[in-house]
Amino acid sequence: MKLFYSPGACSQAPHIVLYETGMPFTLVKVDLGQHRTQEGRNYYELNPKGQVPLLALDDGTTLSEGPVIAQYVAEQAGRQDLLPPVSTFARYKVLEWQNYITSELHKSFSPLFDSRIDAATKSLFIEQLGKKYKWIDSRLEGQAYLTGDTFTVADAYLFVITGWAPGLGVDLSALAHVQAFLARVGRRDSVKAALAAEGLAEAA
């Protein structure tokens with residue numbers, strides 16, 4: 001398998017999940033500004049959406065959308081800790097979080113990356129994110145991860161998205177449970193490996 005990624009982008013979540021499973025894969029870096037892969041190939045030819053992540057399988061088929069890639073990888077690896085079995089309520093709770101992170105957090109962060117958005121509009125998105133993270137903080141009270149004491153694909157996604165906050169003016173420093181969550185996930189070997197591979201941290 002090949003994972004097409006951009007350092008620090010949402011593609012880091014399935015990158016972490018791949019390390020969690022131990023499945024063999026190779027990384028292909030994408031310049032999203034130029035829409036070129038590290039080999040110089042036009043990325044639009046691979047993914048007409050022009051976005052990362054993209055997972056290319058050995059038979060040439062591809063899969064996009066980070067939460068779906070994470071689900072595919074976890075299931076292919078048989079890792080029911082990362083994503084519980086079909087028809088179990090525990091599975092739906094993980095997928096519930098995946099959907100919330102995608103629709104309420106990820107897309108609320110997106111405008112903050114756009115230099116064309118005025119300060120007042122950005123302030124509104126920052127305020128909304130603050131409220132959402134206060135709720136998340138309350139959900140994390142008394143438990144290690146989003147759905148309890150087991151790390152899942154949703155935790156990888158939340159960790160990556162939340163990592164954008166400091167650089168975008170979203171101050172989450174007062175949220176003790178969120179900060180403890182970030183520190184806890186950041187100590188995982190899979191996270192350290194992904195950060196190092198993306199050139200964002202030294203391998204521990």
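Mentor: What follows is a short walk through some helices and a few residues. This is a predicted model: local features need pLDDT of at least 70, side-chain atom pairs count only at pLDDT 80 or more, and totals for chains, interfaces and linings use all residues. Residues are numbered from 1 along each chain as its sequence is written, and side-chain values use heavy atoms, with hydrogens and water left out.

Trainee: Okay, α1 then. How many of its residues are buried?

Mentor: Nine of its 10 residues, so α1 is mostly covered. Buried means under 20% relative accessible area, exposed is over 50%, and partly exposed is in between, using a 1.4 Å probe and protein chains only. The buried ones include H15, I16, V17 and L18. Helices here are DSSP runs of H or I with at least four residues, strands are runs of E with at least two, and both are numbered from the N terminus.

Trainee: What do the buried residues of α1 pack against?

Mentor: β1 (2-5), β2, α3, α6 and α8 (189-197). Contact means heavy atoms within 4.5 Å.

Trainee: And T21, buried or exposed?

Mentor: T21 is buried, with a relative accessible area of 16%. The side chain of T21 reaches the backbone nitrogen of M23 at 3.2 Å. That is a polar contact: a pair of N or O atoms within 3.5 Å, where within protein one must be able to donate a hydrogen and the other to accept it, and residues adjacent in sequence count only if both atoms are side-chain atoms. Leaving aside neighbours within four places in sequence, T21 contacts V73, A77, R79 and L82.

Trainee: Where does M23 lie?

Mentor: In the loop between α1 and β2 (26-31). Not counting residues up to four places away in sequence, M23 touches M1, L18, V73, Q76 and A77. M23 and V73 are 50 residues apart along the chain, yet their C-alpha atoms are separated by 8.3 Å.

Trainee: V73 again. Which residues of α3 are buried?

Mentor: In α3 (residues 66-76), they are G66, I69, A70, V73 and A74. Seen down the helix axis, they fall within an arc of 130°, so they line one face of α3. The arc is that of the directions from the helix axis to the C-beta atoms. Just after α3, G78 takes a positive phi of about 70°.

Trainee: At what angle do α3 and α4 pack?

Mentor: About 155°, with their axes 11 Å apart. α3 and α4 are therefore roughly antiparallel to each other. Axes are lines fitted to C-alpha atoms, for helices over the stretch in contact, and angles run from 0 to 180 degrees between N-to-C directions. Under 35 degrees counts as roughly parallel, over 145 as roughly antiparallel, 65 to 115 as roughly perpendicular and the rest as oblique.

Trainee: Which residues meet there?

Mentor: P67, A70, Q71 and E75 in α3 meet R91, L95, Q98 and T102 in α4.

Trainee: R91, buried or exposed?

Mentor: R91 is buried, with a relative accessible area of 7%. A polar atom of the R91 side chain lies 2.9 Å from the backbone oxygen of P84.

Trainee: Last one. How do α6 and α7 cross?

Mentor: At roughly 110°, with the axes of α6 (residues 153-162) and α7 (residues 176-186) coming within 10 Å. That makes α6 roughly perpendicular to α7.
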